[in-house]
Number of protein chains: 2
Amino acid sequence: MAEFVSRREFLNLLAATGGTAAALKAGAALGLLPGGVAAAALDLVNPGTAGRRVAILGSGISGLTAAYELGKAGYDCTVLEASHRAGGRIFTVRHGDLIDEIGNRQYCEFEDEPHMYFNAGAARIPSTHRNLLHYCKELGVELEVFVGENNNAYLQDDSLLDGKPIRSNDYKTNVRGFLAEMLAKSMSSEEIDQPFTETEAEQLLGMLREFGDLSEGDLYRGSLRTGYASGGFLTHGVQKDMLAFRDLLTGRVGRNALAGFEGDYGPMLMQPTGGMDKIIAGYTRVLGNRMNYRAMVTAVQITEDGVDVAYDQDGVRHTLQADYCFNCIPTHLMVGIEHNFPADYVKAMKYVQRGRAYKAAFQARERFWEKDDIYGGISWMNNRSAQIWYPFHGIHKARGVVLGAYDYGGGMNHTEMNQAERIESHLQDGEKIHPNYRNLVEKPITIAWHRMNHMLGCSARWSRNFRTGWTHDEEALYRTLQAPVNGRHYFIGDQISMHSAWQESAIMSAQWALANLDERVRAKSA
Amino acid sequence: MAEFVSRREFLNLLAATGGTAAALKAGAALGLLPGGVAAAALDLVNPGTAGRRVAILGSGISGLTAAYELGKAGYDCTVLEASHRAGGRIFTVRHGDLIDEIGNRQYCEFEDEPHMYFNAGAARIPSTHRNLLHYCKELGVELEVFVGENNNAYLQDDSLLDGKPIRSNDYKTNVRGFLAEMLAKSMSSEEIDQPFTETEAEQLLGMLREFGDLSEGDLYRGSLRTGYASGGFLTHGVQKDMLAFRDLLTGRVGRNALAGFEGDYGPMLMQPTGGMDKIIAGYTRVLGNRMNYRAMVTAVQITEDGVDVAYDQDGVRHTLQADYCFNCIPTHLMVGIEHNFPADYVKAMKYVQRGRAYKAAFQARERFWEKDDIYGGISWMNNRSAQIWYPFHGIHKARGVVLGAYDYGGGMNHTEMNQAERIESHLQDGEKIHPNYRNLVEKPITIAWHRMNHMLGCSARWSRNFRTGWTHDEEALYRTLQAPVNGRHYFIGDQISMHSAWQESAIMSAQWALANLDERVRAKSA
């Protein structure tokens with residue numbers, strides 16, 4: 001068994017460098033660090049009357065998880081959140097919401113309806129993210145299916161089929177057909193036959209026929225899997241013409257789509273009904289007045305027996321004395337705040353880099369995708385806007401919110417643009433798939449996470465070289481930053497994980513820190 | 001362009017005969033019959049005071065569509081339904097419901113909760129079924145996503161991996177990897193390279209690397225697309241061992257699964273929130289007291305200027321004089337009812353055969369699939385029970401209803417079994433995937449559609465030979481049965497379609513008949 005960087009890191013890399021899967025595979029074998037603690041197993045001991053004050057810095061999901069679990073165990077938590085809202089990169093944008101991008105503040109003008117939102121940050125919950133799902137269940141967050149792959153959505157690439165958008169189904173079915181046909185043909189060559197018995201070769205042929213929907217003679221001659229060209233219900237179905245395989249080889253958007261709905265992005269995925277921030281609302285409902293908004297931390301001093309925190313709230317300086325501190329402020333921001341962290345800790349804080357990510361969304365005047373037989377899912381484009389996400393919530397209602405761009409390759413395309421230029425770029429890109437796009441959408445919202453106030457970055461990045469994997473130094477820095485300072489201060493968040501950009505990682509970082517604290521509290525009281 | 005039988009017919013055939021995709025491809029080119037009429041275009045003229053009485057025989061979705069549209073236009077409709085409920089093969093089973101299988105009557109004992117149901121008949125709505133979706137929208141039927149493919153669901157085949165269930169993701173990712181590797185290898189052979197330029201060969205290699213997640217040297221060495229063996233969040237992810245391709249070739253359930261979520265069964269699919277019969281409830285809410293239940297038709301006489309219908313309701317004989325009749329009673333039952341249809345019509349009525357289909361469901365004492373990271377979707381088995389469907393509605397609630405068997409190959413396996421034998425067979429089959437299955441499920445329901453009272457069959461079948469497609473005679477019989485008798489009596493339902501077993505086809509058959517009637521009414525009044 002070998003170890004690799006995460007799929008999301010890899011996708012980021014792909015987008016940034018155009019590298020291929022092979023790039024991923026050179027990851028050096030590295031020693032394992034201690035694993036996460038399952039949420040269900042987290043049962044913190046009551047700390048008693050002394051040593052129960054905890055300062056939680058930042059209300060990303062790791063901070064909220066810490067506050068929630070500590071509160072259950074009898075700790076006295078105070079959550080300090082610099083912005084006007086909780087949740088960090090879990091952000092559902094609705095009517096009236098402020099997008100606090102520095103230099104590009106916007107207020108959302110979508111209609112004030114429950115289905116008129118988009119998840120500007122975290123948007124998918126894989127069914128294997130048990131810890132996040134545990135909290136969804138415990139906090140009563142209703143879940144629904146997230147539609148990623150939709151065979152009726154489009155692929156569009158200027159270098160594919162002269163830029164004409166092609167339904168995902170047409171691309172995929174034809175590619176599968178041709179790959180199967182080629183492989184069936186090649187089975188006559190000794191190279192392929194050699195390792196197989198006659199029975200196995202027959203089995204493989206059977207597999208290829210199913211996989212590619214091959215016609216007689218094991219040739220691909222088109223397939224009804226792409227739907228009918230016409231008829232099919234009251235009259236005989238007419239099969240669509242097959243495409244020329246040569247024409248499907250160009251461009252990269254098709255190749256990406258072949259892999260884009262596998263792994264963490266494959267079915268089945270979920271989202272909370274009504275927006276991802278229903279999870280945040282679940283936490284803050286419990287935390288009540290322990291939440292403090294517009295509370296900007298100005299100093300963190302670790303003392304002999306605790307942590308002193310200073311913060312500004314609405315122009316007034318406050319201080320907070322705590323026995324412990326759980327800190328999910330991005331480390332690259334924390335280094336600019338007054339502190340007395342040890343030098344090796346500061347070195348690790350400075351080492352962590354932050355990714356860039358950019359999303360844009362429009363209110364659609366009508367649900368034009370449904371008229372095109374598209375109910376949810378993602379169209380992929382080989383342009384700056386990259387993706388269009390069609391909402392499946394609010395099916396058949398008058399309007400909806402469509403994601404018009406998702407650039408996770410760094411957001412560099414749009415960072416230097418002003419709002420009008422960003423919007424024009426998405427309108428031009430979208431028109432390549434939906435001819436009347438410009439007139440179908442309105443009330444744009446754009447959000448560049450690396451320019452958002454109090455964050456200035458998207459997911460954390462540790463490894464500088466995706467091809468070779470983490471270095472020994474990076475491992476050491478990670479371990480340093482994960483460990484508590486003086487037993488009092490913990491960094492948490494997806495920045496203390498090897499799979500950043502997922503809520504699951506942020507939660508697990510908090511669970512690790514909680515379990516570490518609990519172990520010492522138990523030892524002390526024993 | 002060539003014409004073929006429907007995918008569902010093909011799947012039925014596959015299951016029945018074990019044939020391969022090649023079987024489908026010999027379909028003879030046949031002349032097109034008139035196409036369907038889009039629902040949005042249906043705008044029937046008011047018939048005036050004379051000639052407005054319509055008898056609707058049967059309340060399958062085609063009958064309800066006819067009654068709904070005719071009612072909107074000013075016709076006076078009476079719907080006669082033989083059973084205690086409307087909807088025919090659109091049947092959502094809940095607490096207290098009667099399953100009226102002849103010789104095996106059951107009452108459903110599931111908990112009385114909104115999410116505790118299963119769709120015993122129609123269960124999926126493809127996004128291309130525009131006419132059905134039109135009525136869902138018009139009738140205010142709320143839709144949600146149907147989960148078909150779930151990478152975390154299982155494949156189980158006694159002849160695959162010694163019968164050990166394998167996650168769909170593990171099977172699919174490994175197969176894709178090996179197919180890509182083999183093809184990449186074979187590209188050195190002249191046979192493959194020959195038709196491609198050097199650039200195209202590079203593009204194809206790029207496609208294969210993405211498709212198969214190939215490692216260096218274009219070898220498949222396992223993939224993180226299958227998820228981690230361990231770690232991956234706070235520690236480096238450990239890749240699962242790759243499987244031996246040889247071991248994945250055996251059995252047929254894997255091959256079937258490779259094709260099973262394509263075409264009509266591919267994403268994105270929908271279902272009404274709360275059960276498929278919400279569509280039926282939408283119709284009957286509008287139709288009100290035009291609906292007559294337990295009204296068994298005993299005679300249909302076509303007269304010079306109308307249709308006389310006799311029926312029994314609760315032991316009382318009634319007669320109904322109508323100007324027109326829309327009849328969705330299965331033709332193989334209608335031939336046994338007194339009538340005066342012309343001989344060629346009767347010949348066609350007798351020609352239509354009916355398929356068999358069988359489903360079984362259990363109440364689960366707990367949502368054991370969610371503990372196994374499965375949220376919705378289908379596990380495939382190469383045994384009599386064939387499929388297990390996990391509900392995604394009611395995520396994280398205490399219990400759920402799991403489909404324990406779906407045999408669409410004819411239901412022959414279970415037809416001759418009594419209820420206890422059926423249930424034991426599903427328990428044994430399910431235990432091959434979920435070790436404690438027997439103790440996790442209770443309150444079974446089974447339903448053999450070919451034995452259901454007032455139906456005695458599942459979807460209609462016209463073509464006797466799937467390999468060669470419809471014969472000239474079959475075409476003629478179909479046209480005969482589609483055309484009205486004396487301009488007064490129309491057969492409707494998916495029995496008057498070439499794509500039976502779908503609600504869309506039944507609706508389109510009604511729309512065709514309605515448009516045909518309307519044309520004559522308009523001509524007469526002009």
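Look at strand β22 of chain A, where A:Tyr358, A:Ala360, A:Phe362 and A:Ala364 point one way while A:Lys359, A:Ala361 and A:Gln363 point the other, and all are buried. Here "buried" has a set cut-off: 20 or more other C-beta atoms lie within 10 Å of the residue's own, with 12 or fewer counting as exposed, anything in between as partly exposed, and the C-beta atoms being placed from the backbone. "Strand" has a rule too: strands (E, at least two residues) and helices (H or I, at least four) are DSSP runs, numbered from the N terminus. In β22(A), residues 358-364, seven of the seven residues are buried, so the strand is largely enclosed by the rest of the structure.

A word on what you're looking at. This is a predicted model, in which local features need pLDDT of at least 70, side-chain atom pairs count only at pLDDT 80 or more, and totals for chains, interfaces and linings use all residues. Residues are numbered from 1 along each chain as its sequence is written, while chains are lettered from A and ligands numbered from 1 in the order in which they are written.

So which strands does β22(A) pair with? Strand β25(A), residues 400-407, runs antiparallel to β22(A) over seven bridges, and two strands count as paired if DSSP finds at least two bridges between them. In that pairing A:Tyr358 has A:Asp407 as its bridge partner. Strand β26(A), residues 441-448, is also antiparallel to β22(A), joined by six bridges. There, A:Ala364 is partnered with A:Val441.

Now move to an open sheet in chain A. Its five strands come in the order β15-β3-β2-β19-β28, with parallel pairing. At the edges sit β15 (291-292) and β28 (489-491), each pairing on one side only. Further in, β2(A), residues 53-57, and β3(A), residues 76-80, pair in parallel over five bridges. Across that pairing, A:Ala55 stands opposite A:Thr78.

Another open sheet of chain A has three strands in the order β8-β14-β9, and here the pairing is antiparallel. The edge strands are β8 (125-126) and β9 (143-146), each with pairing on one side only. Two bridges link β8(A) with β14(A), residues 269-272, in the antiparallel sense, and A:Ile125 stands opposite A:Met270.

Next, pick out one residue: A:Glu69, in helix α2 (residues 61-73) of chain A. Is A:Glu69 buried or exposed? It counts as buried, because it has 22 C-beta neighbours inside 10 Å. Setting aside neighbours within four places in sequence, A:Glu69 is in contact with A:Leu42, A:Leu44 and A:Leu514, where contact means that the C-beta atoms, placed from the backbone, lie within 7 Å. The C-alpha atoms of A:Glu69 and A:Ala510 are separated by 9.5 Å, though the two residues are 441 apart along the chain.

Over in chain B, five bridges join β2(B), residues 53-57, to β3(B) in parallel. From β2(B) the chain crosses through helix α2(B), residues 61-73, to β3(B), and this β-α-β crossover is right-handed; that is, with the strands pointing away from the viewer, the path from the first strand over the helix to the second runs clockwise. Strand β3(B), residues 76-80, has four of its five residues buried, so it is largely enclosed by the rest of the structure.

How do the chains relate? The same surface serves both, as 100% of the contact residues of chain B recur in chain A.

That contact takes 95 residues from chain B and 95 residues from chain A. On the chain B side, helix α6(B), residues 198-212, gives the most, with eight residues.

Terms used
Contact = placed C-beta atoms within 7 Å.
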